[in-house]
Amino acid sequence: MDFRVTARRGQPDSADAPLLILALAKGATLTPALAAVDNALGGSLKRSLDEKNFRGARDETLFLAGGAKGPKRVLLVGLGSPENLTAALRRAASVGARQARKTGAASLAWYADEQSDAAVEAAAVGLTMGSWEYTTTRSAPPEDERKAELESAQILVSDEARASSAAQRGAAIGAGMNLARQLSMLPGNICTPEFLASTARDIAKRHGMRAEVLGRKEMEAEKMGSFLAVAQGTTQDPKLIVLEHRKGPAGSKPVVLVGKGLCFDTGGISIKAAQGMEAMKFDMCGAAGVLGAMDAIGALNLPINVIGLVGSTTNMPSGDAMKPGDVVQSHLGKWIEIVNTDAEGRLVLCDVLSYARRYDPAAVIDAATLTGACVVALGHTASGVFGNDQSLVDEVLAAGRSSGDTGWQLPLFDDYKDLILTDAADIKNTGGRAAGAISAAMFLKEFTETYPWVHLDIAGTAYSETDLGFIAKGPTGTPVGLFVDFVRGRAH
Ligand code: BES
Ligand code: MN
Ligand code: ZN
């Protein structure tokens, strides 16, 4: 957590670190800086390229031994033939830092020929992401197997003054992503709604934000019948967490970020199968994304008003739990028939989304691990993007592209509304198997009519069941990057 990234004026051949990482694209040639490294290594860099031991393919890595002087070890990391160089640098930096951690290097130096602000920032984001490892509930390896921890990275540049703030920005964004990943990875018995609330208070304290937390009692007073229906099956106090970052002009409408924070989702009475149910600790990744983004937004001190809202509880079966057929009245006043208690995320979010009206939002973006159907539609490559305002959707998609949190729009045609109609109430909380990600979004749309809104279904993108190389198995940090880039885009 205490990983440091700085920009340092210097050439790679004189890097003062146990490990030098060089980012090289496909077909890279030896620029003067790289030729100097090659010289220090006795020609092994050029040989590796000439003999195609290293081709610069995306995610490719090759370790070279250092020479008598200069860096002790060198790691080549491939950028591929990138369409988007900053995205490639972010990814390669993460690959590089993850490799560095395995070697037991306490520090590393990073060098890429491209040194624009965007490139330095991307490298800092990637290095910070790659430095992350979950250790909280794991014992350290025995003394004689323990490696030094990776503590810092230097990004080598020619213009240190300019690159320093870019490196600092990247480190802040990467730290926000890592906070989100840490919260997500924590098990449900540790990361409770109360734990998320105290994390939010901590973020508020560090960045001069206002934090407010509503519990069951306060939500009863607010008549949040839908959120409370989910929470009635658990003895833990549900939390509606509010973080206010008000660094924009007084009176200017805020951006509101909303996160689904189900600290565990058993499905409730409509209980899920046992196989793989442990992954439902990740059902708070939307909330983690909001908290991670607020942490980064605070650290970047962005001149804009942003409100973070998290709806947090657990979905449990119990004698008091909501059951299929129950009808509840939402905070907005609409009546909802609960057909399937496992469609709980939308029941929580709808009340938080109508609560958001009091902030008179310029835009609201929610993130939720909402539907398995979204994973079927888009896999683990893109988040589902839905909205009631096309220009806001386009803005969110662009923030996804620049940050690496890829999204893909799915439609909200009026005809889909039929899927959630019922005789027993105004709407029901499931629409059957067909278009499951869309019917969930159509449900949320019912509560967002008074402001521009986008919904991100991150069920497939918030955590990875396999090691992706540039990112470890487990939580990915999505959509912290998207949120931060969106807010930055609005801040000037
Ligand atoms: N949290 C789940 C969605 C989910 C599934 C996230 C898989 C990540 C991976 C959500 O609360 C849920 O259970 N959704 C149901 C909705 C259905 C009952 C209409 C689903 O997707 O099966
Ligand atoms: Mn569920
Ligand atoms: Zn859920």
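Guide: Donors are N, O and S atoms within 2.8 Å of the metal (3.2 Å for Na, K and Ca), and water is not among the atoms, so sites may look incomplete. This is a predicted model, where local features need pLDDT of at least 70 and side-chain atom pairs pLDDT 80 or more, while totals for chains, interfaces and linings use all residues. Residues are numbered from 1 along each chain as written, chains are lettered from A and ligands numbered from 1 in written order, and side-chain values use heavy atoms, leaving out hydrogens and water.

Visitor: What makes the protein atoms around the zinc ion (ligand 3) donors?

Guide: Lys260 (NZ), Asp265 (OD), Asp283 (OD) and Glu344 (OE) lie 2.0 to 2.4 Å from the zinc ion, which is within the 2.8 Å limit, so they count. Along the chain, their spacing reads K-x4-D-x17-D-x60-E.

Visitor: Why is the zinc ion's site called octahedral?

Guide: Six donors count as octahedral if opposite donors are over 155 degrees apart and all others between 65 and 115. The site's six donor atoms have angles of 78 to 174°, and the site is octahedral.

Visitor: And what is the site of the manganese ion (ligand 2) called?

Guide: That one has six donor atoms too, with angles of 71 to 168°, but the site is irregular.

Visitor: What do the two metals share?

Guide: Asp265 bridges them, and the zinc and manganese ions lie 3.1 Å apart.

Visitor: How do you know whether Asp265 is buried or exposed?

Guide: Buried means under 20% relative accessible area, exposed over 50%, and partly exposed in between (1.4 Å probe, protein chains only). Asp265 has 3%, so Asp265 counts as buried. Asp283, at 2%, is buried as well. Asp342 has 23%, so Asp342 is partly exposed.

Key
Four donors count as tetrahedral if all angles lie between 85 and 135 degrees; four count as square planar and six as octahedral if opposite donors are over 155 degrees apart and all others between 65 and 115; anything else is irregular.
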